[in-house]
Amino acid sequence: MTEHVWSYQPTAGHLAGTDLTGYKVEATDGSIGKVDKHSDEVGDAYLVVDTGVWIFGKEVLLPASTVVRIDPEDRKIFVADTKEQIKNAPEFHRDKHLDDVGYREQLGTYYGTGGPFGGRPA
């Protein structure tokens, strides 16, 4: 199942109610953009990241489980994936996909159980 994909890891340092809008998002190999929108909802937590010039004019939806660490002092969020992994995720269109259950399942599979032995895809 993919429900754990939509929850923050206990070690990420996320505090419910913290506004993450504007935080920079760092993949394992560099910056991918800034948080434009986020949800703290239990079992449905995510980040919408504006990728700016990295993927020109695109946004990506990252399930909360991708967050490894949040640094409130530097206003940075570190995620467990590479830029390439994030770029290769199912394409996100806010108007179409934000509340689309099928898209969420597809993304949850990609980030949660899509890889070998139920892990992240390499």
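**View 1. L47 and the residues around it.** In this predicted model, L47 touches Y8, L20, V35, K37, H38, V60, L61, L62, V67 and I77, leaving out residues up to four places away in sequence; contact here means heavy atoms within 4.5 Å. L47 sits in strand β3 and is buried, at 0% relative accessible area (buried is under 20%, exposed over 50%, partly exposed in between, with a 1.4 Å probe and protein chains only). A64 is 17 residues away from L47 in sequence, yet their C-alpha atoms are 6.7 Å apart.

**View 2. The open sheet.** Six strands line up as β4-β3-β2-β1-β6-β5, with mixed pairing. At the edges are β4 (59–63) and β5 (67–71), each pairing on one side only. Strands are DSSP runs of E, at least two residues, and helices are runs of H or I, at least four, numbered from the N terminus; pairing takes at least two DSSP bridges. β3 (residues 46–50) runs antiparallel to β4 over five bridges, with V49 opposite V60.

**View 3. Two salt bridges between separate parts.** A salt bridge puts a side-chain nitrogen of Lys or Arg within 4 Å of a carboxyl oxygen of Asp or Glu, and the whole structure has five. R104 and D44 come to 2.2 Å, N to O. R104 is in helix α3 (residues 101–113) and D44 in the β2–β3 loop, so the pair ties together parts 60 residues apart in sequence. E91 also pairs with K58, at 2.6 Å between the closest N and O atoms.

**Notes.** Residues are numbered from 1 along each chain as its sequence is written. Local features need pLDDT of at least 70 and side-chain atom pairs 80 or more, while totals for chains, interfaces and linings use all residues, and side-chain values use heavy atoms, without hydrogens or water.
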